Amino acid sequence: MNKLGIYIHWPYCISKCPYCDFNSHKIQNYDPNEWLSAYENQIKYFKEYLVSQNLKNIKLSSIFFGGGTPSLMPPKLVEKVLLFINKLFNFDKNIEITLESNPTNLELNKISDFKSAGVNRVSLGVQGLNDTDLKYLGRLHNASETFIVLDLMQKIINNISVDLIYALSCQNLEIWNHELQTFLKNFSIKHLSAYQLVIEKGTKFYHLFNRGELKTVSDNLYKEFYFSTKNILKDNKFDQYEISNFSKPNFFSKHNTIYWKSDNWIGIGPGAISRIWNNKKERIEFENFKKPETWLKNCLQNKINLKKILTINLDASEQEILMMGLRLNEGVDLNKLQHRTFLNNDAMLHIQKQGIINIRKNKLMINENYFNVHDYIVRKIIDNYLSS
Amino acid sequence: MEDIKKIRNFSIIAHIDHGKSTLADRLIQECGALQDREMKEQVLDNMDIERERGITIKAQTVRLKYRHDDGETYTLNLIDTPGHVDFSYEVSRSLSACEGSLLIVDSSQGVEAQTLANVYQAIDADHEIVTVLNKIDLPASEPERIKKQIDEVIGLPGEEAIEVSAKTGAGIKSVLSSLVEKLPPPQGKIDNQLKAMLIDSWFDPYLGILILVRIVDGKLFKGQKIRFMSTGSSYTVDSLGIFTPKILNVESMGPGEIGFFTASVKTVADCNVGDTITDDKKPTNSMLDGFKPSIPVVFCGLFPTDSADFSDLKDALEKLSLNDSSFSFEAETSAALGFGFRCGFLGLLHMEIIRERLTREFNLELISTAPSVVYEIKKVNGEIVKLHNPADLPDANNLDHIQEPWITATIFVPDQYLGSVLTLCTERRGEQVDLSYVGTRAMLVYKLPLNEVVFDFYDRLKSVSSGYASFDYQFDKYRLGDLVKVSILVNGDQVDALAMITNKDHAEKRGRAICLKLKELIPRQLFKVALQAAIGSKVIARETISAVRKDVTAKCYGGDISRKRKLLEKQKAGKKKMRQFGQVEIPQNAFFEALKI
Ligand SMILES: Nc1nc2c(ncn2[C@@H]2O[C@H](COP(=O)(O)OP(=O)(O)OP(=O)(O)O)[C@@H](O)[C@H]2O)c(=O)[nH]1
Ligand SMILES: C[S@@+](CC[C@H](N)C(=O)[O-])C[C@H]1O[C@@H](n2cnc3c(N)ncnc32)[C@H](O)[C@@H]1O
Ligand code: SF4
Ligand SMILES: [Mg+2]
């Protein structure tokens, strides 16, 4: 486990989308210098922690600006943050530096500056492929603007990933299939994250849904949406490497793969979470204060405060490795599960016989035809969960 | 030792909820046996289950000292009995320890099914009966009307009934003096050889096995060597005591007295209710009549969830049966559920209570199968067998015929619900024997197959009569039945624990209902599950449980992990306990619930 990534959270957006449960807030007045100092302080904090754990030489594989909408950040701020990181860490020569962006002209105008700051990958929140879907999702951009921005942005940044949300009750499966086909034909993107809409607790959609004012697609249709999307992407030479992620060869997201493979990452910014393997081979979780003001205040002090630092117990830790690893097509490396007392061998044997899971070269994987029931399978093979 | 002429022994009997235990409270208080601060409602209902459900399950004995108007102090032994039909065995045992009964009738409700059943038992036992009308504090109380009912329906002098309120205490004094004046003192001679009747026994964690006896003749004392006549085993009496209701140790007991003793009795098998206990050196030569043994009428399988608990379950069943001689158990194996016991009970409530006591008092986690009645089958070779488990029914070509138990049921129901009750009885293959009127209430007598009654008849009866109907039954006889075994198949494999025997005409309907119910009970799995009901090899109903189609988290990144893991933990904990059957997971409660149709 020698990979390391840094996640940087920017919590502001132009407006809050009705489905979104991320730590994102409508943008307000802020002082970029304060933010820079706070980010820097926290980066320094983690650097010191790594040094204390004899991890100071570990190479940085990725940096990810997520949000919120980090494309609203002043490019100068992004640049200074990256410069600071560069001072403290050794970059891998193929380091991936991603920035999440909205697909509007505002971003298009800033993209060259982001690029010169060091960003080499953009994750573009396209979300919908027609105006009805975009409106349904409460997005402020329309489809034609999105497509133009995508086209022009691709000329500047080669490595663009697109986020889509689908399986909406306003969608028709055939039309969606057709739109997706057309989209893939028109744009040669390198990476795509296709998420089926999730009604998250606490969102506007959640309340509408509970009051019966928002419909969701049936489980059956949900499954059909999933597998037809998966097949279309396959037909268009995308490799599926995770439940919701598809890429052209070698363009998989290095940063997100750190999460799925349970490597190390540092989370900077409000609400960000870190997980680091310490020198005793224990996994440590760090959690930042969630409210932007609280986080800022605590990181501007000399000695910064975090909301929580804890050692994840061995069982819980291996259960996380399993749960996350099984999201990948390649599966989870059983060498990482030394303890595994929680595995229900009977249940595993049962579903292995039925071809629902497979074990190959000491890797345990879910047959991709059963990705639609990933959680069910994880519950089935984990005997008992222990809280950390 | 007590002066026999000043002893009065009586059981409090009534329909369920007519106020027996509450009246006992007042009698205890009036005699000053407990201080006000020691008092609580239904103080004799001391098991948790009794208090939670507000019903009496075990009969309880209390000795009271009562100073009568004649200036003398009398000893009253009262036994508070349960009202529910399933525990009528407790009543009959209590009755045989007494010379009289205190019959309670709720003056706002009148004579009900168990009023009749219990009073007839008391009359059979040659009891003198003191009748009281309870709950006169209620606005709905109609003492005059109910007195007439007592005259007409029971045939006891209604005008002599004492009006009381066990709630306010009104009339309690006259109850006490009536008891002294109307009930006869016990007979019996202290100089005769010891003859004591074993009424009840139970296990006390501190004192060991306690044995409750009624002394008929002779004397029981500390240090005495006694003998259980049915087994011949003998023990030395360690201690004697009575309940006041607190335990009070005494040195000896004479004729007419009711109390307990301990004698380091080790084997449960020595404690047979109804047995005669005598002096080992100077034994009596005539045993007491004892009681009619109670015969379990419904059976179900009880299996430990964890097969390692089998011997704990056995132990627990033995301990419980010491305290409740009316249930039976024998080892059983099921392909679906492993090793367990087939247990017999007096009714559904009885079964529920035992199951609950096993879980609560002995910390056992159990799976139970649906209850079934006892069939009598005749094989082709002439052999007659009592069938306790539907799964054991021989093949049709080995079977000559099946007989099923029928009962005689007495139902009281207000006029306006009569129609629905008649419909219910007809649906359950009932045959009307009698229909008469008690005021505006109908008294119905029906013959019904027990099979149609065990599961939900009582609930249905209550629901079609808005709770007003009351019900009592007695075994009638075995009758030839047109019966078949319906087996249940899950993905093609028979599940023995789900088999049932039913009337042929109802088989298809019930088969369909079970499949539907199982479809509700068994959660979706990773693949389709086929459910079938069959008679022999002929499938009579089928349902399919489709596979889970969606159970996944679409997006899961670094910040989501803890939350996600905790969610899985919660889902896992909330998941019903499952039993693996072939490839299919069946929730444990399904084995019971599926047949509740
Ligand atoms: N108003 C009123 N309520 C009473 C009176 N006597 C009993 N009750 C209530 O009637 C209910 C049943 O009383 P219990 O004493 O438990 O009846 P029981 O006959 O012992 O019941 P089982 O043991 O279950 O057969 C309780 O809620 C009592 O509070 C009374 O004189 N007046
Ligand atoms: C941090 S968020 C969004 C970043 C950026 N602000 C945007 O909106 O494009 C990352 C992605 O998660 C997906 N997402 C957010 N909420 C979702 C939901 N409720 N259901 C499915 N996908 C969701 C969206 O596709 C989104 O682009
Ligand atoms: S989806 Fe993106 S733009 Fe919308 S509120 Fe969430 S983070 Fe902000
Ligand atoms: Mg009671």
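Before my first strand entry I noted the rule for pairing: two strands pair if DSSP finds at least two bridges between them. I also noted that this is a predicted model, so I read every value below as computed from it.

**Entry 1**

I began with strand β12 (residues 273-277) of chain A, which 5 bridges join to strand β13 (residues 283-287) of chain A. These two strands run antiparallel. Looking across from A:S274, I found A:F286 opposite in β13(A). I then checked the hairpin that β12(A) and β13(A) make, and counted 5 residues between the strands. In that hairpin A:K281 takes a positive phi near 60°.

Next I followed β13(A) to strand β14 (residues 308-312) of chain A, and found 5 bridges in the antiparallel sense. Here A:R283 stands opposite A:I312 in β14(A).

**Entry 2**

Which strands make up the open sheet of 3 strands, and in what order? I read the order as β15-β17-β16 (chain A), and the pairing is antiparallel. The edge strands are β15 (332-333) and β16 of chain A, each of which pairs on one side only.

Taking the pairs in turn, I found 2 bridges from β15(A) to β17(A), which run antiparallel. A:D333 stands opposite A:K363 in β17(A). Then I saw 4 bridges between strand β16 (residues 357-360) and strand β17 (residues 363-366) of chain A, again antiparallel. A:I359 has A:L364 as its bridge partner in β17(A). β16(A) and β17(A) form a hairpin with 2 residues between them, and A:K361 in the turn has a positive phi of about 50°.

**Entry 3: helix α6 of chain A**

I moved on to helix α6 (residues 173-186) of chain A, which has 14 residues. I noted a reach of 20 Å from its first C-alpha to its last, close to the 20 Å expected at 1.5 Å a residue.

Which residues of α6(A) are buried? I found A:W176, A:L180 and A:F183. Seen down the axis of α6(A), these buried residues fall within an arc of 65°, so they line one face of the helix.

I then asked what the buried residues of α6(A) pack against. They pack against β7 (160-166) and α8 (219-235) of chain A. On the other side of α6(A), I listed A:E174, A:T182, A:K185 and A:N186 as exposed.

**Entry 4: the six-strand sheet of chain B**

In chain B I traced an open sheet that 6 strands form, in the order β2-β3-β1-β4-β5-β6, with mixed pairing. Its edge strands are β2 (60-67) and β6 (162-163) of chain B, each pairing on one side only. I looked at one pair in detail: 5 bridges join strand β1 (residues 7-14) to strand β4 (residues 100-106) of chain B, and the two run parallel. B:S11 stands opposite B:S101 in β4(B).

**Entry 5: where the chains touch**

I looked up the contact between the chains, which takes 24 residues from chain B and 37 residues from chain A. By class, the side of chain B that touches chain A has 9 nonpolar, 6 polar and 9 charged residues.

**Entry 6: the ligands**

Around ligand 1 I counted 21 residues, of which B:G19, B:S21, B:I55, B:T56 and B:G83 come nearest. Helix α1 (residues 20-30) of chain B gives the most to this shell, with 3 residues. By class, the shell around ligand 1 has 6 nonpolar, 10 polar and 5 charged residues.

Where does ligand 2 lie? I found ligand 2 between chains A and B. The elements that give two or more residues to its shell are β4 (59-67), β6 (121-127) and β7 of chain A. Of the 20 residues around ligand 2, A:Y19, A:G125, A:D163, A:Y195 and A:V198 come nearest. They belong to a shell that divides into 9 nonpolar, 7 polar and 4 charged residues.

Last, I listed the residues surrounding ligand 3: A:C13, A:K16, A:C17, A:C20, A:F22, A:S24, A:G67, A:G68, A:T69 and A:G125. I sorted this shell into 4 nonpolar, 5 polar and 1 charged residues.

Notes: Residues are numbered from 1 along each chain as its sequence is written. Chains are lettered from A and ligands numbered from 1 in the order in which they are written. This is a predicted model: local features need pLDDT of at least 70, side-chain atom pairs count only at pLDDT 80 or more; totals for chains, interfaces and linings use all residues. The expected span of a helix is 1.5 Å times one less than its number of residues. A residue is buried if 20 or more other C-beta atoms lie within 10 Å of its own, exposed if 12 or fewer, and partly exposed in between; C-beta atoms are placed from the backbone. The arc is that of the directions from the helix axis to the C-beta atoms. Two residues are in contact if their C-beta atoms, placed from the backbone, lie within 7 Å. A residue is near a molecule or strand if its C-beta atom, placed from the backbone, lies within 6 Å of it. Ala, Val, Leu, Ile, Met, Phe, Trp, Tyr, Cys and Pro count as nonpolar, Asp, Glu, Lys and Arg as charged, and the others, Gly among them, as polar.
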